[in-house]
Protein chains: 2
Amino acid sequence: MGIKRIARLANVSIGTVDRVLHNRTGVSKETEKKVRKVIKEIGYTKNTTASRLKLASVKKIKFAVLIPETKNKWSYWKLPKKGIGRAVKELMELGVEVDYFEFLDSSTYKGLMDEIFLKDYDAIVTVAFFENESNELLDRANKKDIPVVFIDTEIELEMPANFVRQDSYKAGRVAGRLLNGLVGDKGCYFVVNMLNDRGIHANNVQRERGFRKFFEDSGQDVQIRTINYSLSGEFVVTKEMETWFATDDRKGIFVTNSKSHLLPRILEEYQVKNTFIVGFDLNKQNLKHLENGKIDFLINQQPRYQGYVAIKNLFNYLTKQDGSELNLDIPVEIMVKENIPFGPKVFAKMI
Amino acid sequence: MGIKRIARLANVSIGTVDRVLHNRTGVSKETEKKVRKVIKEIGYTKNTTASRLKLASVKKIKFAVLIPETKNKWSYWKLPKKGIGRAVKELMELGVEVDYFEFLDSSTYKGLMDEIFLKDYDAIVTVAFFENESNELLDRANKKDIPVVFIDTEIELEMPANFVRQDSYKAGRVAGRLLNGLVGDKGCYFVVNMLNDRGIHANNVQRERGFRKFFEDSGQDVQIRTINYSLSGEFVVTKEMETWFATDDRKGIFVTNSKSHLLPRILEEYQVKNTFIVGFDLNKQNLKHLENGKIDFLINQQPRYQGYVAIKNLFNYLTKQDGSELNLDIPVEIMVKENIPFGPKVFAKMI
DNA sequence: CTGAAAGCGCTTACAG
DNA sequence: CTGAAAGCGCTTACAG
């Protein structure tokens, strides 16, 4: 069982077996053939644990993680980072290390990317926010044969890439289904996009597309209006919103990002009743409103799990050539008041 | 770093360090104290991988899995078994082995339990279907210091026990929330329990309790009627069902087990319209009806994941004394047509 | 082109 | 009560 057995059966030393297994030079055609035959016959598979035990001390596996800043107290990005941290901790004794690089905008992204390529990382986990920069990173990584996983957001790139993210289009369809169930087929629906300094996010665009497609496919005669708000500065109620509040009484609002918690207070102020809300992400404010019934559904992207699984799967790829899960579709998890997770136990699944 | 360093710092041999670490006898108080001090100072933690690498060859970790029969083509129990298989495969190179025992009823359960205790298993994964037998198993395991994890179903036992299962009461509440959103507060609701030979299942009872509690808590004036059907033999439409079909036009049906797929055909036959259905489990027939819109929501218990995580967490307990996750609350996963997983990728999460 | 030896961190069996 | 040696399966550095 193992390299020793192969060596014995093939009548060579374990050093030679190792050379064949790693496709290293310095083995005669003859010997190689002999060894490969035995490997195949006994159905050898490498003991990754033993391998890493040895390598942990001499050849670390180093991850570069390039994500948005997490300094902000309620930063969403704390969550994937947490998942990454947990994965790294689990793999620490197998010689895994990580460096974090946190960007602010496309320019800092570029600068940190340069820094990353100066050192020799074995794999990169990042976020595809900027098309040009993402393409550059992927290109440079490919040339150096460094695997990359993009988490959270999928955008179209020039080369095939690995994404661990929720399918935003699908999530939008799910939101359509949920609101439709509550509001009915004669309703008036609103899609609310909250924009930050960078403008609208790729995920939000896809979510709206999916939402609209849901109603299109179902052949229902519903009205859907989109409202874009800028979140730079104070959140103010515009004229557009006021007319919106005055629409007939069956309403469904789909907030395409994590800010759905901004709506209930405003709706109350304007005495808008019977309005259902679907939003994204289990942040504290959103959960509060799910709890008190002012938000009806939240969609969870399992951000912790995304980070965790990106590292784990890259590790499997690097150590076992198992790249089967470098692309991962995170399920669209539907949360209501009654199934929100509390306590560490439930969250354990998502890490 | 490691046992060697401790030995050097404490001026003893690694053998002695090992004795202290494993609380073995044959170390003088003096030496022990000295060694413990160093261990504490350098914040030593054992390298589990190295440990298992050695032990894999001399001391296997053997799991006994005692679950209902999986022979039946569509057996639900194939799923946890699959998850268990995957976990065992992942841990194989660390010396993990498993034996499966499949029972039919309480008597075969008892017989297989006896068989299990004849050999020396390191841990047991089973299902708490039979109160007496479960208590006996737990008691005997406790006496031999063998950890046990019950999956799928939680029942009250005489001693504290580990459960990896979905909270059925909570799942019932979720079902209430979902149907309520669709049917409204003046609706008439039905709870349908499908009984097999063993009578009603503990999970079904809890699901119904949660469902009813949801409406009680929400203070809504709704009618809820329970109908129990025996599934032994043919599924027939009873007089009771017929009166039920004739009730006013807003209807919600909560099927407390995996058989919700039996209803759509019957409702059609009796021309019952506008009736919403919530059921459990992503079996093929249920998914078909979710797809074609005849079932509105399905609740997933992540059976694969339950099996997987039971093994993984028992392994962590046995090798790292980490028993923090032997009790696990599997999230109540809400499925609609738009977020049903297809293909292996998505299911990867649940294994 | 090939082999023998040392070592990763831990465990065990044996010697004293 | 304590230590020295051998070994888990793999990798590396060196010798020939």
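How are α2(A) and α3(A) oriented to each other? In this predicted model, in which local features need pLDDT of at least 70, side-chain atom pairs count only at pLDDT 80 or more, and totals for chains, interfaces and linings use all residues, side-chain values use heavy atoms, with hydrogens and water left out. Residues are numbered from 1 along each chain as its sequence is written, while chains are lettered from A and ligands numbered from 1 in the order in which they are written.

α2(A) and helix α3 (residues 29-41) of chain A pack at an angle of about 85 degrees, with their axes 10 Å apart; axes are lines fitted to C-alpha atoms, for helices over the stretch in contact, and angles run from 0 to 180 degrees between N-to-C directions. The two helices, α2(A) and α3(A), are therefore roughly perpendicular to each other, a term that covers angles of 65 to 115 degrees. Helices are DSSP runs (H or I, at least four residues), numbered from the N terminus. On the α2(A) side, the contact (heavy atoms within 4.5 Å) is made by Thr16(A), Val17(A), Val20(A) and Leu21(A). Thr31(A), Glu32(A), Val35(A), Arg36(A) and Ile39(A) contribute from α3(A).

Turning to the pair of chains, chain B can be laid on chain A with an RMSD of 0.1 Å by a turn of 180 degrees and a shift of 0.0 Å along the axis. That is the relation of a two-fold axis. The superposition is by least squares on the C-alpha atoms of residues with pLDDT of at least 70 in both copies.

DNA strand C is surrounded by 26 residues, the closest being Arg19(A), Thr31(A), Ile3(B), Lys4(B) and Tyr44(B); a residue is near a strand if one of its heavy atoms lies within 4 Å of it. Sugar and phosphate make up 69% of the atoms of DNA strand C that come within 4 Å of the protein. Bases are also reached: an N or O atom in the side chain of Arg19(A) is 2.4 Å from a base oxygen of DNA strand C.

The side chain of Arg19(B) places an N or O atom 2.3 Å from a base oxygen of DNA strand D, and a polar side-chain atom of Thr16(B) lies 2.9 Å from a phosphate oxygen.

Key. A polar contact is a pair of N or O atoms within 3.5 Å; within protein, one must be able to donate a hydrogen and the other to accept it, and residues adjacent in sequence count only if both atoms are side-chain atoms. Angles under 35 degrees count as roughly parallel, over 145 as roughly antiparallel, 65 to 115 as roughly perpendicular and the rest as oblique.
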